[in-house]
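Let's take a walk through a protein model, starting with one chain and ending where two chains meet. Keep the picture open while you read.

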Number of protein chains: 4
Amino acid sequence: MVVRVGVVGAGIMGADHARTVQRFVSGAEVTLLADPDLARATAAADAVGCRAVDDPFALVAAGEVDAVVVASPDATHPALVRACVEAGKPVLCEKPLSPTLDDSAALVRDLGERTSLVSLGFMRRFDPGYTDLRATLAAGAIGTPVTVHSTGRGVSSGPGATSESAVTNSAVHDLDIVAWLLGSPIVEVSWNAPRRTAAADFADPQLILLRTEDGVLSTVDLFLNARYGYDVRCEVVGENGTASLREPARLEVDSSLTRGLAYAADWRPRFADAYRLELQAWVDGLGGGDTGPLATAYDGLVASAVADAVITSMHGDGAWTRVEVPAVGGAS
Amino acid sequence: MVVRVGVVGAGIMGADHARTVQRFVSGAEVTLLADPDLARATAAADAVGCRAVDDPFALVAAGEVDAVVVASPDATHPALVRACVEAGKPVLCEKPLSPTLDDSAALVRDLGERTSLVSLGFMRRFDPGYTDLRATLAAGAIGTPVTVHSTGRGVSSGPGATSESAVTNSAVHDLDIVAWLLGSPIVEVSWNAPRRTAAADFADPQLILLRTEDGVLSTVDLFLNARYGYDVRCEVVGENGTASLREPARLEVDSSLTRGLAYAADWRPRFADAYRLELQAWVDGLGGGDTGPLATAYDGLVASAVADAVITSMHGDGAWTRVEVPAVGGAS
Amino acid sequence: MVVRVGVVGAGIMGADHARTVQRFVSGAEVTLLADPDLARATAAADAVGCRAVDDPFALVAAGEVDAVVVASPDATHPALVRACVEAGKPVLCEKPLSPTLDDSAALVRDLGERTSLVSLGFMRRFDPGYTDLRATLAAGAIGTPVTVHSTGRGVSSGPGATSESAVTNSAVHDLDIVAWLLGSPIVEVSWNAPRRTAAADFADPQLILLRTEDGVLSTVDLFLNARYGYDVRCEVVGENGTASLREPARLEVDSSLTRGLAYAADWRPRFADAYRLELQAWVDGLGGGDTGPLATAYDGLVASAVADAVITSMHGDGAWTRVEVPAVGGAS
Amino acid sequence: MVVRVGVVGAGIMGADHARTVQRFVSGAEVTLLADPDLARATAAADAVGCRAVDDPFALVAAGEVDAVVVASPDATHPALVRACVEAGKPVLCEKPLSPTLDDSAALVRDLGERTSLVSLGFMRRFDPGYTDLRATLAAGAIGTPVTVHSTGRGVSSGPGATSESAVTNSAVHDLDIVAWLLGSPIVEVSWNAPRRTAAADFADPQLILLRTEDGVLSTVDLFLNARYGYDVRCEVVGENGTASLREPARLEVDSSLTRGLAYAADWRPRFADAYRLELQAWVDGLGGGDTGPLATAYDGLVASAVADAVITSMHGDGAWTRVEVPAVGGAS
């Protein structure tokens with residue numbers, strides 16, 4: 001049986017997800033694509049050979065859609081997820097669950113047991129580098145972890161980025177993955193920043209410190225306007241050794257007195273495999289198969305709570321701030 | 001529509017292909033698996049949830065099979081390919097087309113126009129590293145190529161390996177990929193070898209020189225019992241620069257005074273992506289889609305002719321030997 | 001004219017300096033070596049073919065000594081430096097100038113203009129990697145710096161190490177080099193640490209944050225019992241790019257499924273060139289030549305002041321702490 | 001006692017040697033510099049603070065010169081070496097001993113026992129990478145060697161380069177170092193080449209195969225007009241592993257979507273340490289100390305014999321050619 005997937009959002013992310021599902025995921029096909037900008041929706045739909053609509057909620061309701069991928073702007077996530085759940089349709093929502101902790105908490109609380117229909121797009125958990133890293137930690141190859149250095153840099157921030165959205169939209173990946181790698185929740189955070197780069201009108205770069213329950217201290221070096229390339233790094237230092245993601249360039253090209261490896265300009269080539277494997281696991285799960293490390297709505301809520309603590313620290317002179325995950329009944 | 005695939009061979013390669021098609025290829029499912037060793041066939045079939053038989057020709061004939069993957073021992077390839085074609089079923093045959101040039105030529109000659117049903121498993125053409133390398137050459141990033149260094153090393157050779165089978169079964173990958181990268185056929189070869197390693201009872205390592213029609217001189221460093229790891233390298237040197245595949249480890253692990261990257265023990269992790277993309281392209285092509293750089297039976301014949309010339313040189317003191325591709329009518 | 005050098009201290013560092021001066025520095029020879037442990041002094045002296053004494057102050061006074069290298073325990077530095085200056089002899093003192101800020105300040109204040117006789121062993125300034133890095137920044141290759149990540153890890157801490165000595169004896173290298181690379185003094189610091197490693201009975205690792213006057217935020221990741229190797233890293237992130245020291249292994253050795261680069265077990269191989277070039281520059285300067293980036297006593301005082309602020313933060317819950325460099329008259 | 005060194009040749013190599021001896025070699029000073037181009041000689045002499053003459057033979061005879069470094073054009077080597085020996089002065093001659101085998105043989109034969117005064121500038125033997133590599137082989141880390149890949153590439157060839165001079169002047173480094181690494185003489189060679197690069201009017205690149213007495217097969221990939229950078233590589237493949245020189249860049253600079261390491265434009269930065277250590281060992285030896293792996297005149301003769309065999313193969317369709325080292329009496 002082939003799962004019929006509807007994709008909400010025809011921006012870079014949505015178009016990419018539609019193409020990945022259609023071309024590279026076993027057991028699924030894209031049947032509908034929605035975007036308020038119908039021209040954009042149609043272009044993306046034509047690329048995969050499906051129909052387009054301009055109303056995301058119509059997509060959720062459509063009979064030809066068994067399950068939904070939400071890749072629309074962050075602020076639209078809660079309402080769309082709610083609609084999917086109310087229609088009884090499984091949904092894979094891009095991170096974050098919501099830009100605010102209150103909305104994330106309300107969503108999870110309201111949905112109750114039905115949150116099991118919701119998965120969240122923390123795709124790094126499927127990146128072969130991160131999964132190898134986690135397995136290496138589990139195998140004890142470097143001993144008990146003591147520090148983690150997580151680095152996320154991009155060429156330039158999108159329009160409308162703020163000091164806060166840099167946390168809720170970008171650093172949120174680091175906030176999820178550090179806890180996932182360590183298998184320990186983040187309990188305390190502190191926000192710091194140097195003089196901002198001339199390319200940004202908000203705090204960029206940022207340096208966030210995290211304490212996890214296991215006593216590990218982590219740094220998150222976030223720099224959205226780093227210009228030189230899309231560059232995600234992670235090092236876990238243990239009591240007996242250290243393990244790091246390696247820059248994933250496949251080719252070395254030497255010319256003009258330089259030995260060069262190419263950086264990607266954005267996240268798509270870097271995480272193409274992670275997105276593919278995430279979508280495959282989600283589809284597998286819809287048929288009763290194994291979903292692997294697929295994130296849940298509750299994982300999204302926890303990440304929102306950490307992001308909220310980071311923003312509190314940002315507005316409070318960088319003071320160490322406790323993470324408080326709101327109670328949401330039995331949903332966790 | 002989902003293509004129903006039958007897989008012949010339940011060894012490492014066949015079991016791996018079955019799993020890849022079933023789990024990671026869009027638009028296909030495995031419906032039957034054949035191996036004379038029925039227990040092995042059944043184990044592999046159970047792993048993907050399909051039926052097993054012990055007669056490969058019964059698989060070819062089975063109504064539940066639309067297309068066939070042949071991953072049985074080299075010597076069985078020609079008869080199985082012939083049976084598939086006679087049954088009108090598309091077949092993806094693992095390399096080589098046949099261990100001998102005569103059999104390869106007879107097969108292509110006999111099949112005539114129906115050879116279009118046959119694809120050959122030169123999966124390196126789908127490896128993202130090699131495709132990036134080819135694109136880099138095409139973009140002129142290093143100027144006109146002058147030399148290529150292709151290195152293929154493994155931990156240990158399989159049972160029954162000989163000086164000749166090292167060429168027809170292993171070096172054949174290099175023979176295909178060098179010509180494919182350069183877009184120029186190999187016209188002359190020379191075979192050389194050092195003192196053999198203590199681990200082998202045949203000529204291992206081997207050093208093969210290739211001249212392509214474009215005047216490029218290439219080296220193939222083949223070492224099947226290199227012990228240290230499965231290691232495939234390729235460098236193309238051009239008039240303005242040089243481009244090389246980068247060792248693909250995703251993780252660096254530092255411990256015990258060593259900064260280490262892991263080698264795979266065999267080809268599967270190294271070329272998992274290449275096999276997946278090759279199988280996907282083959283399945284796409286069955287539905288009328290683009291097959292990308294998928295190799296044809298004629299490509300297999302050409303590689304057999306080059307391998308044959310290498311073996312002639314091996315038996316003739318390493319003398320430079322012309323490659324003669326047999327005429328096969330209109331089939332090329 | 002050949003400068004006759006006396007070396008105080010016959011431990012690892014002193015013996016190494018004696019050997020370097022004798023064998024690899026142009027224009028100098030070692031004439032006397034002093035250590036309270038006369039057997040140790042004699043062994044080191046024999047290795048370079050000079051005389052040994054057990055009284056460092058006798059060495060300072062000896063007629064056969066034109067200039068002195070001090071490589072004895074940290075606490076002995078101020079008295080020895082003072083003796084050299086009073087004898088009118090140039091002295092190159094290993095870092096730190098003194099373990100306490102008060103003593104460093106008193107020394108510089110008391111010596112007044114004669115502090116020009118004192119150089120300090122911040123050898124990283126002579127490491128070809130760091131000098132290339134500084135030149136790269138100066139050339140604008142990465143734009144204006146925004147963050148620095150300085151990492152110092154060793155296999156195991158020496159006997160008697162404490163949370164504080166880790167700062168004054170080890171991190172002091174980072175405190176000097178970060179300011180030197182940026183050309184901007186450190187004005188504020190914050191100390192943090194994860195759960196300590198099982199191998200230490202003091203705070204190890206430590207994570208120190210530094211703010212320099214230019215607005216750059218730096219991290220110092222110090223881990224004296226990291227076990228896996230001696231590993232010093234530095235990355236400077238700028239507005240247009242990032243520049244990093246590369247691990248300096250000269251050889252890759254691949255065996256047993258691992259592609260390996262060797263780490264040094266201690267600092268000597270890593271900084272052999274830096275020590276040689278530092279000693280050469282010091283000797284050159286004694287003859288009126290260029291001393292390059294050789295650190296002064298005042299640089300040592302500044303580093304002591306920063307270390308003192310770090311320790312204040314350590315004892316004060318990690319609060320951001322201002323660096324106060326004591327006034328020392330015209331000596332700066 | 002300080003050895004007074006005269007340097008013949010004020011080109012790039014001679015000026016560099018003069019500077020190295022003067023600034024970085026313990027126990028030596030440059031007292032005289034000779035070049036037929038007196039202006040050039042004077043400029044180089046001024047840079048190190050010594051006197052200049054235009055007659056190299058006057059330098060050899062000068063009372064202020066204890067020992068001589070010959071860094072003049074290849075063809076002048078034999079006469080200058082002969083003059084030094086006749087004056088009873090030790091000489092370090094840049095490679096080759098002579099451009100022709102006959103002249104090399106006549107020189108060694110004529111000098112007889114006095115050849116012990118002659119050292120030859122195969123500086124790679126002092127490069128820390130190569131010495132580490134040799135030590136790694138000796139330690140058995142990769143088992144018995146089976147193949148070696150030696151790569152020598154430069155940005156552009158000097159004026160007047162020919163297919164033959166590429167061998168006698170450049171590949172001669174590889175011819176010496178391969179035998180030195182393996183501890184086994186080269187007994188047979190074969191010369192090959194692709195279509196030449198558009199940048200050269202002689203055979204460039206060249207691919208030379210070498211057989212050593214121990215049965216190892218080596219490749220020398222020589223490309224003088226490779227344009228992209230000065231790039232020397234070496235890999236030794238053994239029965240249990242493989243060991244390679246690592247590109248020696250000290251800094252990684254990432255910008256404009258490229259992660260870059262700089263290549264040197266010529267050999268000086270790459271081998272600065274090797275030249276320094278070679279000159280130091282030569283000076284040490286003059287005082288009775290250890291000369292380490294310093295090459296002798298006989299090593300130079302052997303390299304000339306191998307180069308001669310390569311050129312014979314070049315002129316003979318690449319046929320495998322035996323190396324014949326002329327008998328020179330007891331001098332070897």
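Predicted model: local features only at pLDDT ≥ 70, side-chain atom pairs only at ≥ 80, totals over all residues.

Residues are numbered from 1 along each chain as its sequence is written, chains are lettered from A and ligands numbered from 1 in the order in which they are written, and side-chain values use heavy atoms, with hydrogens and water left out.

Start with chain A. If you boxed up the C-alpha atoms of chain A along the principal axes, you'd need roughly 55 × 55 × 45 Å.

Now look inside chain A. It splits into domain 1 (3–122 + 272–291) and domain 2 (125–266 + 303–321), with bounds that come from an automatic or database domain assignment. Taken over C-alpha atoms, the centres of domain 1 and domain 2 of chain A are 26 Å apart. Where they touch, 15 residues of domain 1 of chain A and 13 residues of domain 2 of chain A take part (contact means heavy atoms within 4.5 Å).

How much area is buried between domain 1 and domain 2 of chain A? About 1,200 Å², with carbon and sulfur atoms giving 63%. Buried area is the accessible area (1.4 Å probe) that two parts lose on being put together, summed over both. On the domain 1 side, A:Lys95, A:Leu101 and A:Phe122 supply 50% of the area buried against domain 2 of chain A, more than any other three residues. The rule finds zero salt bridges between domain 1 and domain 2 of chain A; a salt bridge here is a side-chain nitrogen of Lys or Arg within 4 Å of a carboxyl oxygen of Asp or Glu.

Next, step out to where chain C meets chain A. Each of these two chains puts 39 residues into the contact, and together chain C and chain A bury about 2,800 Å², 50% of it on carbon and sulfur atoms.

How many salt bridges link chain C and chain A? The count is six. Find A:Glu235 in your viewer: C:Arg233 forms a salt bridge with A:Glu235, the closest N and O atoms being 3.3 Å apart. C:Arg153 also meets A:Glu235 in a salt bridge, at 2.8 Å from N to O. This pair runs from strand 7 of chain C to strand 11 (residues 231–238) of chain A. Over all chains, the structure holds 92 salt bridges.

How values were computed:
Helix = DSSP H or I, 4+ residues; strand = E, 2+ residues; numbered from the N terminus.
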